[in-house]
Structures are given as structure tokens and as C-alpha cells.
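Thanks, everyone, for making the time this morning.

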Amino acid sequence: LQCDSEDGKNCRLTRIFSQNISYDYSGRVYSSQQLDFENEIVEDGLNKVMEYDSDNRIIGIREYEGRYLFQYFTIEYLPAQIVQRKYMFNADMETTINSHETTFSLNSKGKILTIDRVDYITPMLSKGRETYEYDNRGNVIKIVFVSETHPETNLTHEFEYDKKLNPFRLVGFQIILGSDDIFSYQTQNRNNIIRRRTIYPDFELPFSETRYRYNEQGYPTHFLSNSSEIETFEYDCI
């Protein structure tokens, strides 16, 4: 997980700690992720196990509920594309099904241009595309999602940034428990999101704000919202 930043500082993100215990829609509890130790597991919790190729690229993820494997992902690298497939276990049929396929199209710098999503397990096959727009610092300022099959789910995300360094860019992928996306706007940005809003076809949500504390290298050490500390970040920096 180590890389050289653009500013010549050699930093490695070693730990992310969240003070909040989270729950998914089924009521399962899961803990925050760590990058230098095994994922913390709480009762009936979720955790992920990574697999890499010889070039140190992430090519597979297995997700466990407690000790039981319930789904896994494969990641395939093609010219100017990354294809991520999600497989879920069907207990009734005692088999594994390819439930989702996500195709990331990249530019010459490896930045996401579009994300095409196919959901095979909805009552009717669901298809949609996200289109990314960047500012001159390489930050994603707008994501437009258009559904080919369900236009009522169309939406737009807009973002504003600080001028400090984004820790998720050090890693290159995200391992958020409960999230399917391995690559996203979080891993693309040079800087940190301070304001964001979501616009739906019939209404829009107001901007939500985020504040940070930073270390001497310009990376955030604390993530704050509504004056309460939400996450802390730890680094090894040279």
C-alpha cells in the first residue's frame, strides 16, 4: 500500500479507524476497516480478504460474515478498462451466480471516465452508466448517473475540495465494508471533499460539509462532521 506522492513525500496509510459501529440493511453489525492489520471482526460481523497478482494489483476479494463466505469479487485488467464482477451464493440452488458486473473505462492517465453497471438479479435486468467530470487538479467535481432501464433513479453528485492531500489516493482502491465498489471517486481525487450534494430528477439535497485536521505532510489525521470526530487516519511518512 505504499507509493510516492506527487509532492515527493513518501507516505503510507497504515490505519483508518472509525468511532462508529455500523449496520447494514439486514441488521448485521460490522466494524471499521484497517490497512495494516486484519479487519476487526465483531459479533456476526463482516470482513474482507484481498488477493493480489504478481504486479501487486488487487484481483480478488472474498467477503465473510463472521467465518462464512457469502460473496466474492474478481477484478480483471484490460487495455483502458477494469472489469469487476460480483458473485453471490444462492443457498436455495446451492450454487454461485454472477450478480453484478461493473466496467470502469479509463483515460491515458488511469482516471475513471465512465462506470457501466449491470445488475443481473433485479426482477428486470438493470443497466446504468456513471460519467465523471474533473477539475484542473484532478478532482472529481461531478458524477452523472443515467439508468438505461430505470430513469427514475437518475441522479447527479457534485463535490468541492480543499487543497490538502487525499489519503485514499495512496491506496488506489477502497475497502469499505458494506460497499461493492473497489474503485471510485474516493480513490481518484488529489484533494479531500469538503462539500457535496446530490441532485435527483425532481429535487436536490443541500450541500453537506466535512472538516479535517491535517498533519505536517498535508494529509488529514481527523475527519469531522458537525463538530464531532468521525474517523482518524494514521500514517508512516518519510
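Predicted model: local features only at pLDDT ≥ 70, side-chain atom pairs only at ≥ 80, totals over all residues.

Val118 is buried, with a relative accessible area of 19%, where buried means under 20% relative accessible area, exposed means over 50% and partly exposed covers what is in between, computed with a 1.4 Å probe on protein chains only. Residues are numbered from 1 along each chain as its sequence is written, and side-chain values use heavy atoms, with hydrogens and water left out.

Val118 belongs to strand β10, residues 112-119; helices (H or I, at least four residues) and strands (E, at least two) are DSSP runs, numbered from the N terminus. What does Val118 touch, once its neighbours within four places in sequence are left aside? Its partners are Ser99, His100, Glu101, Leu125, Ser126 and Lys127, with contact meaning heavy atoms within 4.5 Å.

In strand β10 we also find Arg117, whose side chain meets that of Glu130 in a salt bridge at 3.0 Å, N to O; the term stands for a side-chain nitrogen of Lys or Arg within 4 Å of a carboxyl oxygen of Asp or Glu. Since Glu130 lies in strand β11, the pair ties together parts that are 13 residues apart in sequence, and Glu130 is buried, at a relative accessible area of 14%.

The structure holds eleven salt bridges, and one of them joins Lys86 to Asp180, with the closest N and O atoms 2.8 Å apart. Lys86 is in strand β8 (residues 81-90) and Asp180 in the loop between α1 and α2, so this pair ties together parts that are 94 residues apart in sequence. Lys86 counts as buried at 8% relative accessibility, while Asp180, at 26%, counts as partly exposed. Arg197 and Glu204 form another salt bridge, at 2.7 Å from N to O, and here Arg197 is partly exposed at 22%, as is Glu204 at 44%. Salt bridges with shared partners also join Glu76, Arg85 and Glu101 into one network.

Turning to the rings, a search of the whole structure finds seven aromatic pairs, where rings of Phe, Tyr and Trp (its six-membered ring) pair if their centres lie within 6.5 Å, and planes under 30 degrees apart count as stacked, over 60 as edge-to-face and the rest as tilted. Phe104 and Phe183 have ring centres 5.6 Å apart and planes at 80°, so the pair is edge-to-face. This pair links distant parts of the chain, with Phe104 in strand β9 (residues 95-106) and Phe183 in the loop between α1 (168-171) and α2 (185-188), 79 residues apart; both residues are buried.
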